Amino acid sequence: MVNQPIFERESVTHILVVEDEPSLCQLLVNNLSFEGYSVEAAGDGVPALVAHAARRADLIVLDLMLPHMDGFAVLKALRDRQDEVPVLMLTARGEETDRVQGLSLGADDYLVKPFSVLELMARVKAILRRTRPTERPPMLRSGPFRFDLPRLEAKRDGRMLDLTPREFRLLEILITHSGRTHSRKELLQLAWERDARPTARTVDVHIANLRRKLGEEQGAPWIATVGGEGYRWVTPVETETA
Ligand code: CA
């Protein structure tokens with residue numbers, strides 16, 4: 001089994017993350033890279049514009065409060081030169097005027113801090129679906145299961161599984177990198193909010209629930225426990241063209 005994402009794209013979607021808080025920036029870069037996007041980071045407005053000029057981003061995740069050139073100025077600079085690159089703004093809690101100003105300057109969407117990684121991923125995908133309609137990932141099939149990732153739907157033998165968003169996210173991580181073992185720490189980082197304080201035990205509980213919903217009591221292990229290491233999706237995953 002190979003450790004590579006199954007979505008082989010002709011041209012990989014490139015995302016520029018502009019965020020001056022190192023830990024948040026790293027978290028966003030890790031998660032977006034894990035999803036298969038090509039990701040570049042900048043910690044201020046000018047480096048962001050330079051990076052975008054050097055390699056055009058398909059989407060910019062833009063923090064408003066930056067050390068020297070803030071997000072508004074970056075957005076205005078882009079729109080002034082008729083650059084319609086989609087922009088997802090990150091704003092501080094309760095700054096209603098910021099959101100209004102950002103949207104009037106031509107931001108495509110905004111997220112209020114603190115936000116969950118799940119929410120960010122959903123917004124990024126929604127914007128890309130709107131702006132790059134051909135980017136829709138394929139349906140996936142594995143054993144008796146069929147997954148529609150954009151719609152957050154999982155079916156077993158044609159029957160819809162009733163998964164929580166978190167269970168679906170765990171499932172998505174496991175199936176899009178099937179055959180690879182994910183440590184509990186990695187799953188915590190990818191599927192939980194950064195402000196949440198879950199433990200490795202939390203992962204075990206969610207995996208147990210997910211297994212029950214997948215129907216593992218019928219004897220076939222879909223998710224293997226790799227002793228001391230973590231979890232792995234066992235059955236091969238195939239893409240399915242619509
Ligand atoms: Ca900031």
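## A walk through the model, starting at the calcium

Select the calcium ion to begin: Asp20 (OD), Asp63 (OD) and Met65 (O) coordinate it, at 2.1 to 2.3 Å. Donors here are N, O and S atoms within 2.8 Å of the metal (3.2 Å for Na, K and Ca), and since water is not among the atoms, sites may look incomplete. Before moving on, know that you're looking at a predicted model, where local features need pLDDT of at least 70, side-chain atom pairs count only at pLDDT 80 or more, and totals for chains, interfaces and linings use all residues. Residues are numbered from 1 along each chain as its sequence is written, and side-chain values use heavy atoms, with hydrogens and water left out.

Stay with the calcium ion and look along the chain: its donors follow the spacing D-x42-D-x1-M. Now click two of the coordinating residues in turn. Is aspartate 63 buried or exposed? It counts as buried because its relative accessibility is 3%; buried means under 20% relative accessible area, exposed over 50%, and partly exposed in between (1.4 Å probe, protein chains only). Methionine 65 counts as exposed, because its relative accessibility is 62%.

**Next stop: leucine 28**

Select leucine 28, which sits in helix 1 (residues 22-34). Helices (H or I, at least four residues) and strands (E, at least two) are DSSP runs, numbered from the N terminus. At 1% relative accessibility, leucine 28 counts as buried. Which residues does leucine 28 touch, not counting residues up to four places away in sequence? Show Val17, Val61, Leu90, Phe115 and Leu120, and you have them; contact means heavy atoms within 4.5 Å.

**Zoom out for a moment**

With the whole protein chain in view, you can trace 8 helices and 13 strands. Of its 242 residues, 49% are buried. Take the contacts between residues at least 6 apart in sequence: 62% of these join residues at least 24 apart.

**Two helices crossing**

Colour helix 2 (residues 45-54) and helix 3 (residues 71-80): their axes come within 9 Å and cross at roughly 30 degrees. The axes are lines fitted to C-alpha atoms, for helices over the stretch in contact, with angles running from 0 to 180 degrees between N-to-C directions. Show the side chains where they meet: helix 2 brings Gly45, Leu49 and His52, while helix 3 brings Val74, Ala77 and Leu78. By class, that contact has 4 nonpolar, 2 polar and no charged residues. For those classes, Ala, Val, Leu, Ile, Met, Phe, Trp, Tyr, Cys and Pro count as nonpolar, Asp, Glu, Lys and Arg as charged, and the others, Gly among them, as polar.

Carry on to glutamine 82, in the loop between helix 3 and strand 4 (87-91). Its phi is near 60 degrees, a positive value in a residue other than glycine. Glutamine 82 counts as exposed, at 63% relative accessibility.

Then jump to proline 114, in the loop between strand 5 (109-112) and helix 5 (117-131). The peptide bond leading from lysine 113 to proline 114 is cis, with omega near -5 degrees.

Finish at aspartate 157, in the loop between strand 8 (153-156) and strand 9 (159-160). Aspartate 157 is not a glycine, yet has a positive phi of about 50 degrees. It is exposed, with a relative accessible area of 60%.
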